[in-house]
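Begin by viewing the chain as a whole, then find the pair.

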Amino acid sequence: MFATLVAVLVITIFGYIINTISKPRNFPPGPKWYPFVGSSAVVQKTTMQYGSQWKAFSNLAKEYSTKALGLKLGSEQVVVVFGEKNIRQVFTEKEFEGRPDSFFIRLRCLGKRLGITFVDGPMWREHRQFTVKHLKNVGFGKTAMEKEIQNELANILEYIEKNRKSPINPKLILAMSVMNILWKFTAGERIEQERLSYILELFTKRSKAFSIAGGWLNLWPWIRFIIPDLSGYNLIKNLNQQISDIIKDAIIKHKNGTVQGSDFIYTFLQEMKENNNNFFHEEQLNTICLDILIAGSQTTSNVVEFAILCLIRYKAIQEKVYHEIKSTIGDNEPNWTDSNRLLYTMAFLLEVQRFYTIVPLAGPRRVLQDTTIDNYYIPKNTTVLLAVGDVHFDTEIWDEPHKFIPERFLDSNGNLIKTDHFYPFGMGRRRCPGDSLAKSFIFITFVGIVQKYKVESTNGVLPPEEPIIGLISGARPFTVEFIPRS
């Protein structure tokens, strides 16, 4: 009897191991799968070699001569897609609209499958539409938002003027400005500066510590009990707690009616009161607020930071941008309509977003039904990642893509060229809902700074061009000397 049990156990374990290393028929090519870890070790080694998971996947795809790279990270089947045809397919077709239900994503969403960023199905459709609609109703994407951006620009310029006698790192003040605009439309007020500064520091650490696929913590959630600090578990828990405290404080103020005006939280609370809808409850409100803060925490401000970096590295371009601004709007306060006249400046900002793709590895998406990419079989529930950064450097699309050339976005008459090969905000129904804020903030803030100051590297030392790429791309730490324009 005992021998039979042992034999059954051995056969079961052997069968499980065989199953974990067996690829589905016609699955996209990629590294060999090993028991329990899949191809995680190869990905980790390649990531360390090339400095980011995006570059690791890109090089593995070249090694296997494929535009669809098949992987297994722990127990999760993952496909990374390359090439514009495949990326547009995943961005736009409904079978790719799902989101994975992984430990890492639940942890990011306060432990539950809520919010709008990492849910799918009826809840996602209803709440995404509700959130976008009612943020617009309280002024997001309209004149009121532009006024808030101009107010933040004034705060940025005041900060620069007070501190310009010493080298300035622009990262913190830019990120704080974006967060405060988002929170004004979400909760009707600003976030206390010291608290916001600490949260942004945690966001930076989080971005560096985790890949888009969630890292080792997602592969083996149990390691949080053994190495909670090293795995990043304590970091995310701390970040979640800090943001949750801000959101809960705001909701309490709104329930007590102590916040003036109208905002998204008031709208959501009213919807909870008036309609008996199981999708509208306080936990969902908490997570949507979290999604709003995380989505805008660093992405938009990082673009402006990269733009300042490029001004330092390309002095002739800086002067060309300044002279266009000076000759076109003079000392007038910039607004979004000026983007129709400051064409070289717009071309410059588009090139910044191409050259420094903020999210070079987009996603993750969950496949909702069996499908194909490049004639390869993609099983239901496979996680799909999109190598957007590769499209932005594709030599078949861009001339000399590894050179910074704003003129690539202008025609022979100096007019902006509309390109369909550019994905800073994604596309399709999961396109970034905050693109109106991002575009306006990037343009107004950048123009306002260049209008007032010449920017130079500290002590003439050029900062590194290569970004740090984690969950998003960020500039390596650098400081700037802001010299007032006469």
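The crossing of α11 and α12 is right-handed. The model in which this crossing is seen is predicted.

Two packed helices are described by the angle between their axes and the distance between the axes. Here α11 and α12 pack at an angle of about 65 degrees, and their axes are 10 Å apart. Angles from 65 to 115 degrees count as roughly perpendicular, so α11 is roughly perpendicular to α12.

| Helix | Residue range | Residues in the contact |
|---|---|---|
| α11 | residues 233-255 | Ala250, Ile251, His254 and Lys255 |
| α12 | residues 264-274 | Ile265, Tyr266 and Leu269 |

Sorted by class, the contact of α11 with α12 holds five nonpolar residues, one polar and one charged.

Helix α11 itself has 23 residues. From its first C-alpha to its last, α11 reaches 32 Å, close to the 33 Å expected at 1.5 Å a residue. After α11 comes Gly257, which has a positive phi, near 70 degrees.

The pair belongs to a protein chain with 18 helices and ten strands. Along its principal axes, the C-alpha trace of the chain spans about 90 × 60 × 40 Å. The radius of gyration of the protein chain is 24 Å; because a compact globule of 486 residues would have a value near 23 Å, the two agree.

Terms used: Residues numbered from 1 in each chain as written. Predicted model: local features only at pLDDT ≥ 70, side-chain atom pairs only at ≥ 80, totals over all residues. Heavy atoms only, no water. Helix = DSSP H or I, 4+ residues; strand = E, 2+ residues; numbered from the N terminus. Expected span 1.5 Å × (residues − 1). Axes fitted to C-alpha atoms, helices over the stretch in contact; angles between N-to-C directions. Parallel < 35°, antiparallel > 145°, perpendicular 65-115°, else oblique. Left-handed = near helix turned anticlockwise from the far one by under 90°. Contact = heavy atoms within 4.5 Å. Nonpolar A, V, L, I, M, F, W, Y, C, P; charged D, E, K, R; others polar. Rg over C-alpha atoms; globule rule 2.2 N^0.38 Å.
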